[in-house]
Amino acid sequence: MQEADVYAAIGEDGFRKLIHAFYKQIPADDILGPMYKGRDMAAAEKRLCDFLIYRFGGPESYIEERGHPRLRMRHVPFVIDQAGRDRWMQLMSKAFAEVPLPHEPAELLKGFFEGTATFMINRA
């Protein structure tokens, strides 16, 4: 399976369920929760979902609305250290456990999240 095939395998519904399961954990989280304090969680959830849909073979709504992802640039205001990265992955792992997805697309997504989460670290 290629990355561009993930959207065809799980559809918009699969992405939305996964990302919702992830975001519903954030408000109570002691590491990630403070990063989102006072922010529009529904908008953040939509942005991540739309980005992933675009990135993995779906409609380009994210690009049409926001342009190039520029992930590191957009996350510079947030302190992302190893602990934040690891907690992000922990919550995403719980989301995968809650939302059953076919094995192959799930493994591709997990690999992408692992690499991207590490790439996003911007503080020691």
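Which way, left-handed or right-handed, does H1 pass H6? I looked this up and found that H1 passes H6 in a right-handed crossing. A crossing is right-handed if the near helix is turned clockwise from the far one by less than a right angle, and left-handed if anticlockwise.

**Ground rules**

I noted that this is a predicted model, in which local features need pLDDT of at least 70 and side-chain atom pairs count only at pLDDT 80 or more, while totals for chains, interfaces and linings use all residues. Residues are numbered from 1 along each chain as its sequence is written, and side-chain values use heavy atoms, with hydrogens and water left out. Helices are DSSP runs (H or I, at least four residues), numbered from the N terminus.

**Entry: H1 and H6**

I took the axes next, which are lines fitted to C-alpha atoms over the stretch in contact, with angles from 0 to 180 degrees between N-to-C directions. The axes of H1 and H6 come within 8 Å and cross at roughly 130°. H1 and H6 are therefore oblique to each other. For that word I used these cut-offs: under 35 degrees is roughly parallel, over 145 roughly antiparallel, 65 to 115 roughly perpendicular, and the rest oblique. On the H1 side I listed Leu-18, Ile-19, Ala-21 and Phe-22, and on the H6 side Trp-88, Leu-91, Met-92, Ala-95, Phe-96 and Glu-98. Contact here means heavy atoms within 4.5 Å. Sorted by class, this contact of H1 with H6 has nine nonpolar, no polar and one charged residues. The classes are Ala, Val, Leu, Ile, Met, Phe, Trp, Tyr, Cys and Pro as nonpolar, Asp, Glu, Lys and Arg as charged, and the others, Gly among them, as polar.

**Entry: H6 itself**

I checked the length of H6 (residues 82-98): at 1.5 Å a residue its 17 residues should span 24 Å, and its end C-alpha atoms are 24 Å apart, which agrees. The expected span is 1.5 Å times one less than the number of residues. I then listed the buried residues of H6: Gly-84, Arg-85, Arg-87, Trp-88, Met-89, Leu-91, Met-92, Ala-95 and Phe-96. Buried means under 20% relative accessible area, exposed over 50%, and partly exposed in between (1.4 Å probe, protein chains only). These buried residues of H6 pack against H1, H3 and helix H7 (103-119).

**Entry: H1 and H3**

At what angle do H1 and H3 pack? Helix H1 (residues 6-23) and helix H3 (residues 41-55) pack at about 155°, and their axes are 9 Å apart. H1 and H3 are therefore roughly antiparallel to each other. I found a right-handed crossing where H1 passes H3. Residues of H1 in this contact include Tyr-7, Phe-15 and Ile-19, and those of H3 include Met-41, Leu-48 and Leu-52. The contact of H1 with H3 counts 11 nonpolar, one polar and five charged residues by class.

**Entry: H1 and H7**

The axes of H1 and H7 come within 10 Å and cross at roughly 65°. H1 passes H7 in a right-handed crossing. Val-6, Ala-9, Ile-10, Phe-15 and Leu-18 of H1 meet Pro-105, Leu-108, Leu-109 and Phe-113 of H7. By class, the contact of H1 with H7 has nine nonpolar, no polar and no charged residues.

**Entry: loop residues**

Is Phe-56 buried or exposed? Phe-56 lies in the loop between H3 and helix H4 (61-66), and at 0% relative accessibility it counts as buried. Leaving aside neighbours within four places in sequence, Phe-56 is in contact with residues including Val-6, Tyr-7, Phe-15, Leu-109 and Phe-112.

I found Gln-25 in the loop between H1 and helix H2 (33-36). At 18% relative accessibility, Gln-25 counts as buried. Gln-25 touches Leu-91, Lys-94 and Ala-95, not counting residues up to four places away in sequence.

Ile-80 lies in the loop between helix H5 (71-75) and H6, and counts as buried at 11% relative accessibility. Beyond neighbours within four places in sequence, the contacts of Ile-80 include His-75, Arg-85 and Met-120.

**Entry: an exposed residue**

Last, I looked up Glu-65, which is found in helix H4. Glu-65 is exposed, with a relative accessible area of 55%. Not counting residues up to four places away in sequence, Glu-65 touches Lys-46 and Asp-50.

Conventions:
Helices (H or I, at least four residues) and strands (E, at least two) are DSSP runs, numbered from the N terminus.
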